[in-house]
Amino acid sequence: MVRQKTAFILRCLAVSGLLAASHSAAQAQSASVQVPIREVDLSDGTRRYVVTIEIDGHRIDAGLDTGSVGLRVLPGVVDTAATMTVGPVQRYSYGAGTFLEGPVVRTAVSVGGLQNGGRWQIIRAIGCSAARPDCPAAHVDPRKFGIQGNGLAGEGFRAILGVGLANADLPNPFQEIGAHRWIIELPRPGETSGGRLILNPSDEQVAGFTPLLLADPQRSRANDAVRACLEHDGGKPICAPTLIDSGAPGIELVNHRADAGWTEGVSARLTFEQHADTALGIRFSVGRRAQASRFDAVADPRVDGVRIRSGLLTYFAYDVLYDPDYGTIAVKPRPAYLNGVAAVGGDHSN
C-alpha cells in the first residue's frame, strides 16, 4: 500500500509539473485571455451558463457546455454566404436525447479576442433520438427552439459551445482558436461576483490544481469521465465513471437502482477516487437549489454500465482546469459560500 501511495503521489507531482511548465512556448505566443461567464435562468428554474463569442464578426451568446464537444449554431446567426463548407453533414446527440444535424463549416471564430479560423456545425435539423423520443425538442416549434432551452418556447440559446475533452467528429472550439488549456470558474448562487473563463492561463494561474484520475486515461477515451464515488450518510458508496458537466443542472445516477436513503436534505458526498487520505471530494445536501443537488436515478440504454452525472457540484466547489494536450482535468478548491457545497479532503478538509 505504501508503494502504491508513493507511486500515486509521484504521478500527481509529475502531472502537476506538466500543468505548470508544459506550455511555456505556447504561452509566449498566446497571452492569457479572461472572459466573463454569466448565469441565465430558464423560466423553469434551470441554471444555464453563457459566454459571448463572435462568429464571422457576429456577437452571440453561446451556452457553455463541458459535457459535449463542438460549436453548433442555429440558422440565422451567420450569413450562410460567408461560410465555407468543410465537412459532411453530422448528427450529434445530447444526454437529454435532442440531436442537432447539419454540415460543418468554417469562419473566423473569436472568444475574448482569441481568434482564428474555426470549424463549427450550422444546424439544419433538430429532433429526438430513438432512445429518448420525448426529448425537449419534441415539445417546441422548431422556429422557437433554443439550445439548452429545455423545450421551452423562445428560451435557450442560438449556439452551444461544447468544450469537453472527449473525442468527437467536430473539434473543441477552444483548441480551434489556439487555446492550449483553460480554467472554468462558474458563478455561484448568492454571490455578486460573476464567473470567468481563462484561456491559456499562465503558469502562476494553474498553480495549486490537483489532477483527477480519469476513468479511461487513454487518448481514445469516449468521454471525460473521472473516477469517483457517490454516497449518502449511512449508505454504501457507488463508484463509477463520473462526468463533470456544466450543462447538467442536477445529479443523476445512471443504470443503478438508488436505495431509499436518497431523500431530500440527507447529507451526501462525492469523492474523487484516489487514496483515502488524499482523496478530494464534495460535501452536499440532497435536493438543495443553492447546491444544484437535485438527485435522480435514471435508466439510459445508450450508456454501458453504471455512470454518475455529477452536474454542477464540482464547479461550485472547485475551479476546474482542462489541459487537452495532456488529457488532464484538474481542480482547485474555491472558498465556501452561503448554504453551498464544500470542497473536502486533501489539505482542505471540512
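I began with Tyr322, which counts as buried because its relative accessibility is 1%. (Buried is under 20% relative accessible area, exposed over 50%, partly exposed in between, with a 1.4 Å probe and protein chains only.) This is a predicted model, where local features need pLDDT of at least 70 and side-chain atom pairs pLDDT 80 or more, while totals for chains, interfaces and linings use all residues. Residues are numbered from 1 along each chain as its sequence is written, and side-chain values use heavy atoms, without hydrogens and water.

**Entry: the rings**

How many aromatic pairs does the structure hold? I noted six. (Phe, Tyr and Trp rings, six-membered for Trp, pair with centres within 6.5 Å; planes under 30 degrees apart are stacked, over 60 edge-to-face, the rest tilted.) One of them joins Phe174 to Trp182, edge-to-face, with 5.2 Å from centre to centre and 75° between the planes. I then looked at Trp182 and Tyr322, which form a stacked pair at 6.3 Å centre to centre, with 20° between the planes. That pair links distant parts of the chain. Trp182 sits in strand β10 (residues 182-185) and Tyr322 in strand β20 (residues 318-323), 140 residues apart. (Helices, H or I of at least four residues, and strands, E of at least two, are DSSP runs numbered from the N terminus.) Ring pairs thus tie Phe174, Trp182 and Tyr322 into a cluster.

Next I traced a sheet. I followed β18 to its partner. Strand β15 (residues 251-254) pairs with β18 in the parallel sense, over four bridges. Val254 has Val298 of β18 as its bridge partner.

**Entry: Thr107**

I found Thr107 in strand β6 (residues 98-111). Thr107 counts as buried because its relative accessibility is 6%. Its side chain makes a polar contact with the side chain of Trp120, at 2.9 Å. (A polar contact is an N or O pair within 3.5 Å; within protein, one must be able to donate a hydrogen and the other to accept it, and sequence-adjacent residues count only through two side-chain atoms.) Beyond four places in sequence, I listed contacts of Thr107 that include Ile55, Asp56, Ala82, Thr83 and Trp120. (Contact means heavy atoms within 4.5 Å.)

**Entry: Ser68**

Ser68 lies in the loop between β3 (58-65) and β4 (69-73). At 2% relative accessibility, Ser68 counts as buried. Leaving out residues up to four places away in sequence, Ser68 touches Tyr92, Tyr94, Ile160, Gly162, Val163 and Gly164.

**Entry: confidence**

I checked pLDDT last. (It is the predictor's confidence in each residue, from 0 to 100.) The protein chain has a mean pLDDT of 88, and 87% of its residues reach 70 or more. Residues 1-11 are below 50, and this stretch has eight contacts in the model beyond near neighbours in sequence. Residues 21-29 also stay under 50, with 16 contacts beyond four places in sequence.

Key
Two strands pair if DSSP finds at least two bridges between them.
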